[in-house]
Amino acid sequence: GNYAKGGVFNTGIVFLRHTKGGIQWAKQWNLHLSATDGRFHRLTSDQQVFNAMSRKENAWPGLEVMRMDGTQTLGPKENKRVLVAAEGDTLLGVFPVAKFNPGHVYMVQKFHEKEKKTPFAVHATYTFDGSSGDAKKWRFMEAGLWRVPEEEREEKFITFDASAHLWDDDAVDDHGAISSHDTPSITDHLVAGSGHIKALANAMAVAASLKRTLLIPPMPCWCDKVWGGHDNIFTFQCHYPGSRDSNHIPGTCPLDHFVSPSKLAREAKVNGVNIKPLGAAPESVKIMRGEFPTLKVGGGKEEEQQHGASSFAIPTHATELEISKLSNRLPLVIKLETTRD
């Protein structure tokens, strides 16, 4: 509570008790949203109004941690998860982060994986592709939290290893070298970002040729991202302020840490390519993860003939007809051997 009272309360997840007081609060909240004068009329969102209602007017933070009954002699002197809000007539509880995950906790820190705890709810905050429904949907799809119906038609997929292009022998000549596997670094992060963008472009080109949906895997990253300048995350070794203890960097980051997924999807569609996060693949694809057959682009026709059922090749200078024939006999999902040019 002492930490939360100095921040902004996010109204993405709100529970109101079904009491007379709770019902009255909801009515006042709705009324203030349409105010034409007074304290609330300049506020533009339900979240701003909620925060203003929670605090004493012209005071900061304008609420305090609830003190326990002064007559008791045992136990804590205050309830640190409950705030006395508004004009002292409202109690405001703070949800435990372990059960109600903000976007950064679930999608970047991956608290649920490290602690093996399933949250009650996840809120797609801390997105960097705007706050639209599409931006949040993409984040949920990446995390495997968006229900994916099995396709009615036979959809085929292609994916790639998002780390292979950072470490192979040609990486230094292509986009620079990553200096460390396990140390946060904005320099390494920018090098990785450059490599990711080239990998995406090349993977999309192959997907277009084969007429397959591109499944984009999680992207390795060496620095966190914030809305403003990066100065304050450098203080915490490239971690978002307040998250340093989780040591999630280096790790994998959402695609919107590098590019706009919504813009990428629109441009891809113009060029005849459908893209999805790997986390949004059908279950029939997910169960194969780590065992995808591979596809090599380039090489002679004799090399293409030598590959078995677990690997395939597109010969250099293959015609459109040859590529079409190969595409028809490729399995449901295939992984590019490399995204090098």
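In what order do the 6 strands of the open sheet lie? Before selecting anything, note that this is a predicted model, in which local features need pLDDT of at least 70 and side-chain atom pairs count only at pLDDT 80 or more, while totals for chains, interfaces and linings use all residues. Residues are numbered from 1 along each chain as its sequence is written, and side-chain values use heavy atoms, with hydrogens and water left out.

**The sheet**

Display the strands, which are DSSP runs of E with at least two residues, just as helices are runs of H or I with at least four residues, both numbered from the N terminus. The open sheet has the order 10-7-6-13-11-12, with parallel pairing, where two strands count as paired if DSSP finds at least two bridges between them. Strand 10 (275–277) and strand 12 form the edges, each pairing on one side only.

Next select strand 11 (residues 294–297), which pairs with strand 12 in the parallel sense over 4 bridges and is joined to strand 13, also running parallel, by 2 bridges. Centre the view on L295, which stands opposite F312 in strand 12 and has L336 as its bridge partner in strand 13.

Now move to strand 12 (residues 311–314) and show its side chains: S311 and A313 point one way, F312 and I314 point the other way, and all are buried, meaning that they have under 20% relative accessible area, whereas exposed means over 50% and partly exposed lies in between (1.4 Å probe, protein chains only). In a regular strand the side chains alternate between the two faces of the sheet.

**The nonpolar core**

Select I158, F160, L214, I216 and L295, which touch the most other members among the 37 residues of the largest nonpolar core. Such a core is a set of buried Ala, Val, Leu, Ile, Met, Phe, Trp, Tyr and Cys residues joined through side-chain atoms within 4.5 Å. Several elements each supply at least two residues of this core, including strand 6 (157–160), helix 8 (186–210) and helix 13 (320–329), and the largest share, 7 residues, comes from helix 8.

**Helix 13**

Colour I323, L326 and S327, the residues of helix 13 that are buried. Seen down the helix axis, the buried residues fall within an arc of 100°, so they line one face of helix 13; the arc is that of the directions from the helix axis to the C-beta atoms. Turn to the face away from the buried side, and you find the exposed residues L321, K325 and N328.

**The disulfides**

Finally, show the cysteines, for a search of the whole structure finds 2 disulfides, each being a pair of cysteine sulfur atoms within 2.5 Å. One joins C221 to C253 with an S to S distance of 2.0 Å, and with 75° about the S-S bond this link is right-handed. C221 lies in strand 8 and C253 in strand 9 (residues 251–253), 32 residues apart.

The other is formed by C223 and C238, with sulfur atoms 2.1 Å apart, and with -85° about the S-S bond this link is left-handed. Both C223 and C238 are buried. Numbered in sequence order, the bonded cysteines pair as 1-4, 2-3.
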